[in-house]
Amino acid sequence: MAARFTALIPRLLALTVIWLLGAATFTLAADKKATPPTTGADPAQAAKPTVLTVPDVRNKAYVFAKGILQDAGLAWSVRGAVQGYSANVVVWQSPSPGSRVIDNGAPIVSVRLSKNAAYGERGLPENEAPYTGTRIVYLNDWREAHEQSTQSTSTQATTSEPSTTTAETTPTTTAEPSTTTEPEPEPETRKPDFEVPGAPAEPADEMTLSQRARQLDKRMDSMRKPTNRLVNYWLYQHSWIVTGARFGWHDGAEALRILIKVDQSLERRFDFGARSERVARRALASVEAQKK
């Protein structure tokens, strides 16, 4: 019996080796999973930047020009000897109004100012936007660079194979259709609460000062954390309302009263706004004195 069992041992060992080799082969085959092919992004979709149109801020008080540029997604920088006091007037800008630029963050519009002789330079000048600006990239320049890059890629692909003849290709650009529009009529101005020599008239296409103050109140009331963006928004609106009220614009006193409540709320909730409240109170006293 023992001799018979001994004779079976080599067969059992051979079967065991065969089973182990088969299991190993199955495991390697299971590990080698097929990887799905990756497809690149559509170049046409990747080449669609956001475009901004530069507004016209010439002949506007600097405090309002800043707001218009900010609303358009742009930054600003003052050039020249005249500094960025609120009442100074924009006399030059670059890029020119209507220019189309690539939205690469906050493109910087440069402005030059002239002093408002009838309304003195008060407060502190602000010569730069309170956030980081980016360089100007015109839409036409971007298109030209993009077309050259596309043609370069295409040329490299075609010259990889030998060819007996070469043809020069002239890049073609499609010009945007020119449209002629009739000039819009000048907006009517609201009746001021009082006259200030040299002060600009209130534009009727902007919300009234009291409406602006209520909108600011609502926005700040919903603020749970004072981010840089919201604080800059508050400072800009605050400057607009105070300056407009001092110019004698409609409902200035009411707007300043709302503004003072906004400042007080910010003081209680976030421990800032006291200095701005003092500015608003001084402006309210001046406005009420001139209305009498």
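Predicted model: local features only at pLDDT ≥ 70, side-chain atom pairs only at ≥ 80, totals over all residues.
Two residues are in contact here when they have heavy atoms within 4.5 Å of each other. Setting aside neighbours within four places in sequence, Phe 64 is in contact with Pro 200, Trp 240, Thr 243, Gly 244, Phe 247 and Trp 249.

Phe 64 also belongs to the largest nonpolar core, which has 34 residues. The members that touch the most others in this core are Phe 64, Leu 216, Met 220, Ile 241, Phe 247, Leu 256 and Leu 259. Several helices contribute to the core: helix 3 (62-71), helix 5 (209-221), helix 6 (228-246), helix 7 (252-270) and helix 8 (274-291) supply at least two residues each. Apart from this core lies another, of 18 residues, including Val 57, Trp 76, Val 82 and Ala 106. As a general matter, nonpolar side chains tend to be buried together in soluble globular proteins.

Asp 251 lies in the loop between helix 6 and helix 7. Its phi is positive, about 65 degrees, although Asp 251 is not a glycine. The relative accessible area of Asp 251 is 23%, so this residue is partly exposed, given that buried means under 20% and exposed over 50%. Asp 271 is found in the loop between helix 7 and helix 8. Asp 271, again a residue other than glycine, has a positive phi near 65 degrees. Asp 271 counts as exposed because its relative accessibility is 71%, against a cut-off of over 50%.

The peptide bond from Ser 94 to Pro 95 is cis, and its omega is near 5 degrees. Pro 95 has its place in the loop between strand 3 (89-94) and strand 4 (100-102).

Is Ser 110 buried or exposed? With a relative accessible area of 9%, Ser 110 is buried, because the limit for that class is under 20%.

Notes: Residues numbered from 1 in each chain as written. Heavy atoms only, no water. Core = buried A, V, L, I, M, F, W, Y, C linked by side-chain atoms within 4.5 Å. Buried < 20%, exposed > 50% of the residue type's maximum accessible area, 1.4 Å probe, protein only. Helix = DSSP H or I, 4+ residues; strand = E, 2+ residues; numbered from the N terminus.
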